[in-house]
Amino acid sequence: MALEQFRIDGKVALVTGGNRGIGFAIAKLFAEAGAKLMLTSRRRTPQLDELLDANPERCAWVEADLIDPKAPDAIVKETLKAFGRLDILVNNAGVAADGDFHDFDDERLAFIMDTNLIAPFRVARAAIKPMLEQGGGTIVNIGSISADVANDPQKQVAYNSSKAAVHQMTKVMAFEYGGRNIRVNALAPGYVISDMTAGGIAKPDWNRIWTENTPMGRFAHPDEMANCALFLASPASSYVTGAILTADGGYTTH
Ligand code: NDP
């Protein structure tokens, strides 16, 4: 059955930043596809509460500020405590900050790198251990087209660098664990409607540049990213590892 390949019934998925934006869209779709979910974020949102209330036995949430070095181990531990195993990790939480390279101070540099690179590294490191014990698993890191292009018109050197590192981490992890039934892939979105891009979308000049540079001429909806994440997390992508799945409306074609 073709569509059965996209089901993840009974699989346990940990999604960071599952309260809003792309992470929430992934959480919602994974719940529909049959997964048990551990969602993490710093704060709750009404849509998160609704998802948790609708699926009390299958969906749980734990508060975590992923800048805290102890948080990654703690959220994996919570997942194992709640559901007894961990099959799918989606490293989604992330932040962006604007600023010229020559003015980008250490504090902001550390904030971006700690959130976008060090935290996903630590979460994946913690998640790999139970996956190895279980004999398999799959990891989806949310990267970005910002790994490959200079953001325009916003200047975001730390963000771009952090996402390039996430793509490389993805490939190296796929290489290391390919023989142990753990697939590791990244999703590289283009411009997606979310809180992260709301400020830019509201600025007519940024909005025009972003849409003009996107051959499809529009922003993505978070649900379109969730579809890609489900493909990477599910048996539908059983021979895909070390891949960077670009979903950018054609932004990086030129
Ligand atoms: P949002 O700003 O809408 O959401 C960010 C998410 O990350 C929230 O769930 C937030 O949780 C969580 N988060 C941020 N910092 C921390 C932290 N220190 N500890 C725990 N959780 C944290 O962003 P998007 O949904 O747009 O982005 C999701 C991912 O997709 C990011 O990795 C982003 O870089 C990437 N991406 C986004 C694109 C876009 O156009 N939107 C394009 C390409 C990639 P809380 O609410 O608790 O702060």
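Predicted model: local features only at pLDDT ≥ 70, side-chain atom pairs only at ≥ 80, totals over all residues.

Guide: Let us begin with a term that we shall need: helices here are DSSP runs of H or I with at least four residues, numbered from the N terminus.

Visitor: Which atoms of the protein lie 2.6 Å and 2.8 Å from an oxygen atom of the ligand?

Guide: When reading such pairs, we look for N or O atoms within 3.5 Å of each other. At 2.6 Å from a ligand oxygen atom there is a polar side-chain atom of R20, while a polar backbone atom of I22 is 2.8 Å from an oxygen atom of the ligand. A polar backbone atom of G190 also belongs in this picture, at 3.4 Å from an oxygen atom of the ligand. As for cover, the ligand taken alone exposes 880 Å², and the protein buries 97% of that area.

Visitor: How do we find the space itself, and which pocket does the ligand take?

Guide: The general idea is that rolling a probe the size of a water molecule over the atoms shows where empty space is left. In this model, the space taken by the ligand is the largest pocket, whose volume is about 910 Å³. Its lining is made up of 45 residues, with G94, V95, A96, S194 and M196 lying nearest the centre of the pocket. Two or more residues of this lining are given by each of helix 1, strand 2 (36-41), helix 4 (106-134), helix 5, helix 6 and helix 7 (204-212).

Visitor: Which element gives the most to that lining, and how do the lining residues divide by class?

Guide: The lining divides into 18 nonpolar, 20 polar and seven charged residues.

Visitor: How much space lies in the second largest pocket, and which residues are closest to its centre?

Guide: The second largest pocket holds about 300 Å³ of space. It is lined by 16 residues, and the closest to its centre are K11, G137, T138, N181 and R183. These lining residues comprise four nonpolar, eight polar and four charged ones. N181 is placed in the loop between helix 5 and strand 6 (182-189).

Visitor: How many cavities of 30 Å³ or more are there, and what lines them?

Guide: A cavity differs from a pocket in that the probe fits inside but cannot get out. The count comes to two cavities of 30 Å³ or more. About 40 Å³ of space lies in the largest cavity, which is lined by N91, A93, N116, P120, N141, I142, K163 and V166. Helix 4, strand 5 (137-142) and helix 5 each give two or more residues to that lining.

The second largest cavity has a volume of about 30 Å³, and its lining consists of T16, L66, N91, N92, A93, T115, A119 and P120. Helix 4 supplies the largest share of this second lining, three residues, and by class the lining has four nonpolar, four polar and no charged residues.

Visitor: Which peptide bond is cis, and where is P153 found?

Guide: The bond from D152 to P153 is cis, with omega near 10°, and P153 is found in the loop between strand 5 and helix 5.

How values were computed:
Residues numbered from 1 in each chain as written. Heavy atoms only, no water. Polar contact = N/O pair within 3.5 Å; in protein donor to acceptor, adjacent residues only side chain to side chain. Areas by Shrake-Rupley, 256 points an atom, 1.4 Å probe, with all protein chains shown as cover. 1 Å grid on protein atoms, 1.4 Å probe; cavity = no way out; pocket = protein on both sides within 12 Å on 5 of 7 lines; lining within 4 Å. Sits in = over half its atoms within 2 Å of the grid points. Points joined across faces, edges and corners; volume = space filled by probe spheres on them. Nonpolar A, V, L, I, M, F, W, Y, C, P; charged D, E, K, R; others polar.
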